[in-house]
Amino acid sequence: MSEPVTIERNDSVATLTLNRPESLNTLDFAMMEALIARTAELAADESVRVVVVRGAGRHFMAGGDLRSFATLLDRAPDARREAFQAMIEKLHAAIEHLHRMPAIVVAQVRGAVAGFGLSLLCACDLAVAADDAYFTTAYRHIALTPDGGGTWALPGIVGLRKAMEMLLLSERFDAAEALRLGLVNRVVPAVELEAAVATLVKSLADGPRMALVNAKRLARASLDRSLSEQLQAEAVSFASCAATSDFAEGIRAFLEKRPARFGG
């Protein structure tokens, strides 16, 4: 039996693959446990500079595995509520890992991006989509509300009014609309998806490490800070980066009119 979530490492780049292609990479109980464990593993690995999150086969993730959910339907309402709350609270650790890990997280998406799959996409720092990708919140169709931070991320990305539409209607939209809304950074032909992600990942992996790590941290923390607090955090980060050898290399490369060779 194959692992529901796998990790492949190539130098400082790790690829996390949702590995249930026969089920459109839907999230069952085993995948939940694996996703928590694998994201924790990557968050603790200081050698990893970039993480690519992708789905095996033709789809990213088509939401939760409803067959798994159905196994809990015979429980009394209170017992069912307790079981699902405990499950989702535990699963949310994976989302926190992606938000808080210093590595830059890039989503590589194709096919279905639905339910928790959309929340997972929103938890990544950057996203590249194939032109065959399609998106929906999906939850209303089974009388649920979003998990995975979807109601936190979507208003910030697409605006409150559009987020309300997506959450309340659960209509399906295509990659071009996802790009227009800012849910993904780039859309490429499906046959070019892997190459496009590889180019982006190389740029990130070769970049000035502290500057990129701190930029992610500053942006993620900004929503919980006042302007004054954020300005002070920027000043501290700017000074820390200015003390690195990468900063000196960037300045020298600019003055010498050559590409910078950052060493991290």
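Trainee: Why is E41 called partly exposed?

Mentor: Let me first say that this is a predicted model, in which local features need pLDDT of at least 70 and side-chain atom pairs count only at pLDDT 80 or more, while totals for chains, interfaces and linings use all residues. Residues are numbered from 1 along each chain as its sequence is written, and side-chain values use heavy atoms, with hydrogens and water left out. As for the label, buried means under 20% relative accessible area, exposed means over 50%, and partly exposed is what lies in between, with a 1.4 Å probe and protein chains only. E41 has a relative accessibility of 34%, and therefore counts as partly exposed.

Trainee: What makes the pair of E41 and R38 a salt bridge?

Mentor: A salt bridge is a side-chain nitrogen of Lys or Arg within 4 Å of a carboxyl oxygen of Asp or Glu. The closest N and O atoms of E41 and R38 are 3.7 Å apart, and the pair is accordingly listed as a salt bridge. R38 is also partly exposed, because its relative accessible area is 23%.

Trainee: Why are E41 and R38 separated by about one helical turn?

Mentor: Both belong to helix α1 (residues 29-43), and they are three residues apart there, which means a separation of about one helical turn. The helices named here are DSSP runs of H or I with at least four residues, strands are runs of E with at least two, and both are numbered from the N terminus.

Trainee: Which other pairs meet that salt-bridge criterion, and at what N to O distances?

Mentor: The structure holds 17 salt bridges. Among them, the side chains of K162 and E165 meet at 3.1 Å, N to O, and those of E177 and R180 meet at 2.8 Å. K162 and E165 are three residues apart in helix α6, so about one helical turn separates them, and E177 and R180 have a spacing of three residues in helix α7 (residues 175-181). R180 is called exposed because its relative accessible area is 59%. Salt bridges that share partners also join E3, R9, R38, E41 and D45 into one network.

Trainee: Why does S119 count as buried, and what is it in contact with?

Mentor: S119, in helix α4 (residues 116-123), has 4% relative accessibility and therefore counts as buried. Contact means heavy atoms within 4.5 Å. Leaving aside neighbours within four places in sequence, S119 is in contact with I95, Y139, D147, G148 and G150.

Trainee: Why is F173 called buried, and which residues does it touch?

Mentor: F173 is found in strand β9, and it is buried because its relative accessible area is 13%. Not counting residues up to four places away in sequence, F173 touches Y134, F135, T136, M166, A178, L181 and L183.

Trainee: What is noted about the phi angles of A143 and S170, and are these residues buried or exposed?

Mentor: A143 has a positive phi of about 60 degrees although it is not a glycine, and S170, likewise a residue other than glycine, has a positive phi near 55 degrees. A143 is exposed because its relative accessible area is 72%, while S170, at 4% relative accessibility, therefore counts as buried. A143 lies in the loop between β8 (134-136) and α5 (150-158), and S170 in the loop between α6 and β9 (173-174).
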